[in-house]
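Please open the structure in your viewer and keep the sequence beside it, so that each stop of this tour can be selected in turn.

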Amino acid sequence: MSFVKNMESRYTTKMYDASKKVSPAQIADLKRILQLSPSSINSQPWGFTFVEEEQLKAALAQVSLFNAPKVENASHVVVFNVISDLAYFEENHIGALPERQQEYYKNFLKPMPEAEIKAWMKHQVYLALGVFLSACAEMGIDSTPMEGIDVAAYADLLKLEKHETVFAVAIGYRDVEDFNQLDKNPKQRKVLEEVIATI
Ligand SMILES: Cc1cc2nc3c(=O)[nH]c(=O)nc-3n(C[C@H](O)[C@H](O)[C@H](O)COP(=O)(O)O)c2cc1C
């Protein structure tokens, strides 16, 4: 399928078939794809946690608010984390970059308030989300991006030390009854001319 067709046919899955699992080979591909995600100055300020263990998935579901059933029945939950320890980030990530990228960080990012640097780091994690959702569509895997989770409770359950959770993505295969499938809930978007200008 073309990329356009993949984007037309993907949708946010609301109900999963718990009996269907994403294959280990596809999980390995998704890990590699996340590793390859681009980021500003190649800063890679992230960490991704693939959860397949049923007990942990059930515990995460408990702190997933209205998203609980998706987390419980999905094949895997992929948690997108950002580095929260700025000193660690600067030493291990920025410090390992070529001189030119280090200079960019020093001149344009470092002078900003810490909250803005951290917002910039989170932007990179969202970019990885776009890559990930597109990859799932291409691989025939259903997905649900979820900001509606208790991120602090996620970080606790995952025992994150230098990272904090930003959001999670449930992946797997839709339940045949999923009310959000496109034949029941056709894709809604603003008309192209309203959001895209050609000058
Ligand atoms: C960053 C982000 C967070 C989202 N959080 C949730 C969520 O917590 N629960 C949910 O069911 N959908 C969530 N969505 C799905 C959006 O509502 C959905 O992408 C949008 O309505 C467009 O529908 P579509 O993905 O089916 O095309 C989220 C999407 C994004 C990109």
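Begin by selecting I94, which is buried at a relative accessible area of 5%, where buried means under 20% relative accessible area, exposed over 50% and partly exposed in between, with a 1.4 Å probe and protein chains only. The model on the screen is a predicted one, in which local features need pLDDT of at least 70 and side-chain atom pairs count only at pLDDT 80 or more, while totals for chains, interfaces and linings use all residues. Residues are numbered from 1 along each chain as its sequence is written, and side-chain values use heavy atoms, with hydrogens and water left out.

I94 belongs to helix α5; helices (H or I, at least four residues) and strands (E, at least two) are DSSP runs, numbered from the N terminus. If you display the surroundings of I94 and set aside residues up to four places away in sequence, you will find that I94 touches I41, S43, F89, Q102 and Y105, a contact being heavy atoms within 4.5 Å.

**The nonpolar cores**

Select next L30, F80, Y105, F132 and I171, which touch the most other members of the largest nonpolar core, a group of 34 residues. A nonpolar core is here a set of buried Ala, Val, Leu, Ile, Met, Phe, Trp, Tyr and Cys residues joined through side-chain atoms within 4.5 Å. At least two residues of this core come from each of α2 (24-35), β1 (46-51), β2 (76-83), α5 (86-94), α6 (99-109), α7 (114-139) and β4 (163-172), and the largest share, 11 residues, is supplied by α7. In soluble globular proteins, nonpolar side chains tend to be buried together.

Which residues is F132 in contact with, once its neighbours within four places in sequence are left aside? Selecting F132 and its surroundings shows L30, L34, F50, V78, F80, V169 and I171. Apart from this core lies another, of 16 residues, and Y16, V77, M146 and A170 are among them.

**The ligand**

Now select the ligand, which is surrounded by 15 residues, the closest being R10, T12, K14, K187 and R189; a residue is counted as near if one of its heavy atoms lies within 4 Å. The shell around the ligand divides into 6 nonpolar, 3 polar and 6 charged residues, where Ala, Val, Leu, Ile, Met, Phe, Trp, Tyr, Cys and Pro count as nonpolar, Asp, Glu, Lys and Arg as charged, and the others, Gly among them, as polar.

Draw a distance from the side chain of R10, where an N or O atom is 2.8 Å from an oxygen atom of the ligand. Moving to P145, you will find one of its backbone N or O atoms 3.2 Å from a nitrogen atom of the ligand, and at G148 a backbone N or O atom is 3.0 Å from an oxygen atom of the ligand. On its own the ligand has 620 Å² of accessible area, and the protein covers 68% of that, with areas taken from the Shrake-Rupley method with a 1.4 Å probe. The elements giving two or more residues to the shell are α7 and β3 (142-146).

The side chain of S39 reaches the backbone nitrogen of Q44 at 3.0 Å. With neighbours within four places in sequence left aside, S39 is in contact with Q44, P45, W46 and Q124.

Q44 lies in the loop between α2 and β1 and counts as partly exposed, at 29% relative accessibility. Although Q44 is not a glycine, it has a positive phi of about 45°.

**Last stops**

Select L65, in the loop between α3 (54-62) and α4 (68-73). Is L65 buried or exposed? L65 is exposed, with a relative accessible area of 53%, and it has a positive phi of about 50° although it is not a glycine.

In helix α4, select P69, which counts as partly exposed at 47% relative accessibility. P69 and M15 are 54 residues apart in sequence, yet their C-alpha atoms are 7.3 Å apart in space.

Finish in helix α3 with Q55, which counts as exposed at 65% relative accessibility. Q55 and G95 are 40 residues apart in sequence and 38 Å apart in space, C-alpha to C-alpha.

Definitions and conventions:
A polar contact is a pair of N or O atoms within 3.5 Å; within protein, one must be able to donate a hydrogen and the other to accept it, and residues adjacent in sequence count only if both atoms are side-chain atoms.
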